[in-house]
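These are my notebook entries on a single protein chain. I set down what I looked up, entry by entry.

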Amino acid sequence: MVSRTLGIGGEELTAMRISILDDYHDTLRTLPCFQKLAGHEVTVWNDRVQDLDTLAERLRDTEILVLIRERTKIGAPLLERLDKLRLISQRSVYPHIDIDACTRHGVIVSSSQHSGTPCYAAAELTWGLILASARQIPQQMAALQAGSWQIGVGHTLRDKTIGIYGYGRIGRVVAGYGKAFGMNVLVCARDASRARAAVDGHSVAHSKEAFFEECDVLSLHMRLVEATFGLVTATDLARMKPTALLVNTSRALLIAPGALVGALRAGRPGMAAVDVYEDEPVVDTYHPLLTMDNVVCTPHLGYVTREEYEIQFSEIFDQIAAYCAGAPINVVNPKVLA
């Protein structure tokens, strides 16, 4: 290990002990951006552990912790046992991190919000789920493997209405895909986003109620923040057509707990395609969504591509470099700097 002396707030630091959690497929070591951690002592954990005692033991000497999205919760009971921890570096929103506890324990949280960067990986998966659902691709394949030939009739997307709920960096790309497929794009979003959608040539919904009633495909593309928890209600879903498809590659808790399963059982909407769940990972094969013939499920793959990892972890590792240079960036708890 190459040793070097670094100054942060007057404190002299040598090369840092860095832990990376939940790298399921040991992918990060193979990325070009991993070289940005050269000179540090890096430990990568490939399994998923949520037990407090096990995490505390693994991370007891960790000075910098790298998180992969919301795979592990970082709360006060864990932070109280990590005396050496000084920085958590990650990307995107942070409902899984107790920010106040981090501040109390002197832990900086750096998290780039990448608001201006499209996530083509998530947009592509969204479109893949739409096509898979409309043409019953997983069901038809399973039937073919079981010895059956053509088990049903799918739907064409052209001339149908696709609703984009939230017109941000992902929703905007998905809207473009919809237009390329000859669909009518309808956007429901905040005023500023509605204005951008109109400039891009898309229609905007007159009301939330009309939006849910009109869409043949409705795709959610919002961040999960306090204001958006449970934003989609059972009443909203009940307004959808019995032939409609609800797609969620954003966050499960944008939908009121249990509302989607209840709506699907009631027949409105008639189909769903889901990449996110209220509790992850889903390992129960009897999970309601996994047992429904009208639902296509994937295991939170939206951002999981090598190209997207390179983009994300380049930023995460840059945050570590900035901290080590004594000038932390993307700090979400600036009070800790005092």
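**Entry: D159.** I looked up D159 and found this residue in the loop between helix 5 (137-145) and strand 8 (161-165). The model is a predicted one. D159 is not a glycine, yet its phi is positive, at about 75 degrees.

**Entry: N330.** I then turned to N330, which lies in the segment after helix 11. N330 also has a positive phi, about 55 degrees, without being a glycine. Its relative accessibility is 36%, and N330 therefore counts as partly exposed.

**Entry: Q319.** I followed N330 to Q319, because N330 is among the contacts of Q319, with contact taken as heavy atoms within 4.5 Å. Q319 belongs to helix 11, which runs over residues 306-324. How accessible is Q319? I read a relative accessibility of 0%, so Q319 counts as buried. With neighbours within four places in sequence set aside, I listed its contacts as L87, S89, Q90, S110, S111, S112, I329 and N330.

**Entry: cis peptide bonds.** I recorded a cis bond between R268 and P269, with omega about 0 degrees. P269 sits in the loop between helix 10 and strand 13. I recorded a cis bond from E280 to P281 as well, with omega near 0 degrees. P281 is placed in the loop between strand 13 and strand 14.

**Entry: helix 10.** I next examined helix 10 itself. Which residues of helix 10 are buried? I noted A259, L260, V261, A263 and L264. The elements that cover these buried residues include helix 9 (234-238), strand 12, strand 13 (271-274) and strand 14 (295-297). Just after the helix, G267 takes a positive phi of about 95 degrees.

**Entry: R251.** I moved to the loop between strand 12 (245-248) and helix 10 (259-266), where R251 is located. Is R251 buried or exposed? Its relative accessible area is 12%, so R251 is buried; the limit for that class is under 20%. I then asked which side chain is joined to that of R251 by a polar contact of 2.8 Å. The partner is E70. Leaving out residues up to four places away in sequence, I found R251 touching R69, E70, L224, V276 and H300.

**Entry: S203.** I looked up S203 in strand 10, which covers residues 203-204. At 44% relative accessibility, S203 is partly exposed. S203 and V187 are 16 residues apart in sequence, and I read 6.2 Å between their C-alpha atoms. V187 is also one of the residues in contact with S203; V185 and L186 complete the list once neighbours within four places in sequence are left aside.

**Entry: D83.** I located D83 in the loop between helix 2 (76-79) and strand 6 (87-91). D83 has 61% relative accessibility and so counts as exposed. I also took the C-alpha separation of D83 and E63: 8.7 Å, for residues 20 apart along the chain.

**Entry: the whole chain.** I counted 11 helices and 14 strands in the protein.

Of the contacts between residues at least 6 apart in sequence, 63% join residues at least 24 apart. Lastly, I compared the charges: the mean position of the 33 positive charges and that of the 38 negative charges are 4 Å apart.

Note on methods. Residues are numbered from 1 along each chain as its sequence is written. This is a predicted model: local features need pLDDT of at least 70, side-chain atom pairs count only at pLDDT 80 or more; totals for chains, interfaces and linings use all residues. Side-chain values use heavy atoms; hydrogens and water are left out. Helices (H or I, at least four residues) and strands (E, at least two) are DSSP runs, numbered from the N terminus. Lys and Arg count as positive and Asp and Glu as negative; His and the chain ends are not counted. The place of a charge is taken as NZ of Lys, CZ of Arg, CG of Asp or CD of Glu. Buried means under 20% relative accessible area, exposed over 50%, partly exposed in between (1.4 Å probe, protein chains only). A polar contact is a pair of N or O atoms within 3.5 Å; within protein, one must be able to donate a hydrogen and the other to accept it, and residues adjacent in sequence count only if both atoms are side-chain atoms.
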